Amino acid sequence: TLALATAIGLSATTQALTVGFAQVGSESGWRTSFSESVKAEADKRGITLKFSDAQQKQENQIKAVRSFIAQRVDAILIAPVVETGWQPVLVEAKRARIPVVILDRNVAVSDHSLYLTRIAPDFEVEGQRAANWLTEKTQGKCNILELQGTVGSSAALGRMKGFNETIAHFPDTKIVRSQTAEFTRAKGKEVMETMLKAEGGGKSICAIWAHNDEMALGAIQAVKEAGLQPGKDILVVSVDAVDDALKAIVAGEINVSVELSPHLGGPAFDVINEYRAGKKEFDKWIRMGGAVFTQENAAQELAKRASK
Ligand code: GYE
């Protein structure tokens with residue numbers, strides 16, 4: 001294909017690319033939007049995307065990356081399930097001279113030359129912003145039930161750290177129970193049911209802090225079934241700002257969601273193009289930001305999204 005491309009006058013950068021994408025799974029609405037957005041962006045640019053859904057299992061992701069290497073793709077995108085365990089397969093990609101871009105969650109590796117860059121939000125800041133809203137709203141007095149994301153994922157680790165460091169300044173704000181619900185709606189509901197029972201129905205609980213909207217949406221079901229009003233009797237604080245969560249905010253059942261853009265595909269393909277055009281050094285972290293949505297601005301945002 002290279003000879004042909006040269007013969008018809010295409011440069012290396014405009015030549016049709018094949019990119020492998022090792023995605024976490026489809027555990028949340030945010031994840032689904034992220035996958036759809038990468039696929040749409042690839043289509044728009046004439047990139048052939050090889051997409052793998054790992055169903056939240058790192059071993060499946062590693063297999064997918066090995067198969068991308070065997071197929072000699074032009075570049076690999078990885079959205080890692082957990083942080084550890086990536087070094088060996090990244091070394092294999094590097095030996096095969098296939099550039100890797102990390103999206104969303106991080107990898108814990110000692111050799112940062114193993115990937116070009118990571119495109120992701122700051123999970124600690126997301127946790128801080130959620131905690132800032134809550135401590136302000138409750139004047140620093142609150143008993144919290146926490147639904148953690150996937151154990152060992154940087155989204156859960158970072159959000160936990162940012163939130164906990166912020167509430168540490170408020171002696172009367174404490175997390176009374178904390179458990180993983182794996183970022184899914186079904187688990188969010190199930191774990192919240194158990195927690196509310198263990199707390200005698202939940203009357204002494206002031207807030208639920210969920211590491212993503214999907215678990216928050218499951219939790220509000222459990223709160224309703226316990227005979228309490230989510231958003232009023234128990235405040236609900238979350239991250240992602242997916243459409244369903246904004247609708248729940250408008251309905252008064254979620255109080256706040258910290259936004260995280262799912263549109264990581266465009267910036268990733270830009271990096272790959274720059275690399276192919278000769279750029280070899282990239283900032284190791286391209287930071288994505290987002291807004292904080294509450295009753296004040298959720299409806300407006302939904303209207304804006306619908307008009308796109
Ligand atoms: O918040 C959650 C998803 O890693 C940032 O994973 C991502 C998180 C996101 O399942 O909804």
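The largest pocket of this predicted model holds about 490 Å³ of space. A pocket here is an open set of points on a 1 Å grid over the protein atoms alone, where a 1.4 Å probe fits, with protein on both sides within 12 Å along at least five of seven lines; its lining residues have an atom within 4 Å of a point. The volume is the space filled by probe spheres set on the points, which are joined across faces, edges and corners. Of the 22 lining residues, Ser33, Asp243, Pro262, His263 and Arg305 are the closest to the centre of the largest pocket.

Residues are numbered from 1 along each chain as its sequence is written. Local features need pLDDT of at least 70 and side-chain atom pairs count only at pLDDT 80 or more, while totals for chains, interfaces and linings use all residues, and side-chain values use heavy atoms, with hydrogens and water left out.

Which helices each supply at least two residues of the lining of the largest pocket? They are α2 (29-45), α8 (213-225), α9 (243-250) and α11 (298-306), helices being DSSP runs of H or I with at least four residues, numbered from the N terminus. The greatest contribution, five residues, comes from α2. By class, the lining of the largest pocket has 11 charged residues, six nonpolar and five polar; Ala, Val, Leu, Ile, Met, Phe, Trp, Tyr, Cys and Pro count as nonpolar, Asp, Glu, Lys and Arg as charged, and the others, Gly among them, as polar.

Two of these helices, α8 and α9, have axes that come within 9 Å and cross at roughly 45 degrees. Axes are lines fitted to C-alpha atoms, for helices over the stretch in contact, and angles run from 0 to 180 degrees between N-to-C directions. Asp213, Leu217 and Ile220 of α8 meet Asp244, Ala245 and Ala248 of α9, contact meaning heavy atoms within 4.5 Å. Four nonpolar and two charged residues form this contact, with no polar ones.

Helix α2 also packs against another partner: the axes of α2 and α10 (residues 265-276) come within 8 Å and cross at roughly 45 degrees. Therefore α2 is oblique to α10. The contact joins Val38, Glu41, Ala42 and Arg45 of α2 to Gly265, Gly266, Phe269, Asp270 and Asn273 of α10.

The second largest pocket contains about 300 Å³ of space. Among its 16 lining residues, Lys94, Ser113, Tyr115, Leu116 and Tyr275 lie nearest the centre.

Terms used
Parallel < 35°, antiparallel > 145°, perpendicular 65-115°, else oblique.
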